[in-house]
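Subject: Structure handover

Dear colleague,

I am passing on the structure below, followed by an account of what was found in it. Please read the notes alongside the coordinates.

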Amino acid sequence: MRWFLSLLVGFAATGAAFITRGARVPATRREAKPAADDVDEGEFEKALAAMTSFSNRYVKLSKTKYCAEPSVTSVVIRGLAEHKVALGAPLCPCRFYECKESEAKDGYWNCPCVPMRERKECHCMLFLTDDNDFVGESTDITVDEITALTAM
Ligand code: SF4
């Protein structure tokens, strides 16, 4: 399990897409460039606090739990915060996009994305159902934990 989670964190940290059971990934979508290139630090801290708060609320609302490996949760929330600053919307950080701006406007992959809202499918492994092999016990994470676990 640990090797898979390490791979997952590595993919998410580099902005690459990853796929878990039931994920729907159109082959034509490709990422143009990383969204975090021009992120202002002050704005990023506010966005990170907002996305942490959102995630802690939504994980309970959706009756899901975080991953047993908190670095997975941390990398995904950090990616959402970077997109919130760069694009004005928390575009899913675990996918490739040809144009992030138009995807953010479209809204389908803004967190919580449509597959999550309709079928509880989170291919980022941020919100996990009890039958997922990687589900943990936690429904809370702090900004400090995320910062520590995603420090480069
Ligand atoms: S709920 Fe959807 S948008 Fe949010 S992290 Fe999971 S897969 Fe990405």
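**What was found**

Of the 152 residues in the protein, 46% are buried, where buried stands for a relative accessible area under 20%, exposed for over 50%, and partly exposed for anything in between (1.4 Å probe, protein chains only). The model is a predicted one, so local features need pLDDT of at least 70 and side-chain atom pairs count only at pLDDT 80 or more, while totals for chains, interfaces and linings use all residues. Residues are numbered from 1 along each chain as its sequence is written, and side-chain values use heavy atoms, with hydrogens and water left out.

The protein contains six helices and zero strands, which gives the pattern α-α-α-α-α-α along the sequence; helices (H or I, at least four residues) and strands (E, at least two) are DSSP runs, numbered from the N terminus. Among the contacts (heavy atoms within 4.5 Å) with a separation of 6 or more, 72% are between residues 24 or more positions apart. The protein exposes about 8,000 Å², of which carbon and sulfur atoms supply 55%, with areas taken from the Shrake-Rupley method and a 1.4 Å probe, and for residues only the protein chains shown counting as cover.

The largest nonpolar core has 30 residues, and those with the most contacts inside it are Tyr66, Ile77, Leu126 and Phe127; such a core is a set of buried Ala, Val, Leu, Ile, Met, Phe, Trp, Tyr and Cys residues joined through side-chain atoms within 4.5 Å. Helix 2 (41-61) and helix 3 (70-87) each supply at least two residues of this core, and helix 2 gives the most, with seven residues. Leaving aside residues up to four places away in sequence, Leu126 touches Ser55, Lys65, Tyr66, Thr73, Val76, Ile77 and Leu80. A second, separate core of five residues includes Cys67, Val72, Met125 and Phe134.

There is one disulfide in the structure, a disulfide being a pair of cysteine sulfur atoms within 2.5 Å, and it joins Cys94 to Cys124 with an S to S distance of 2.0 Å. The torsion about the S-S bond of Cys94 and Cys124 is about 125°, so this disulfide is right-handed. Because Cys94 lies in the loop between helix 3 and helix 4 (100-106), and Cys124 in the loop between helix 5 (114-119) and helix 6 (143-149), the pair ties together parts that are 30 residues apart in sequence. Both Cys94 and Cys124 are buried. As for other cysteines, Cys113 is buried, with a relative accessible area of 8%, whereas Cys99 is partly exposed, at 32%.

With best wishes
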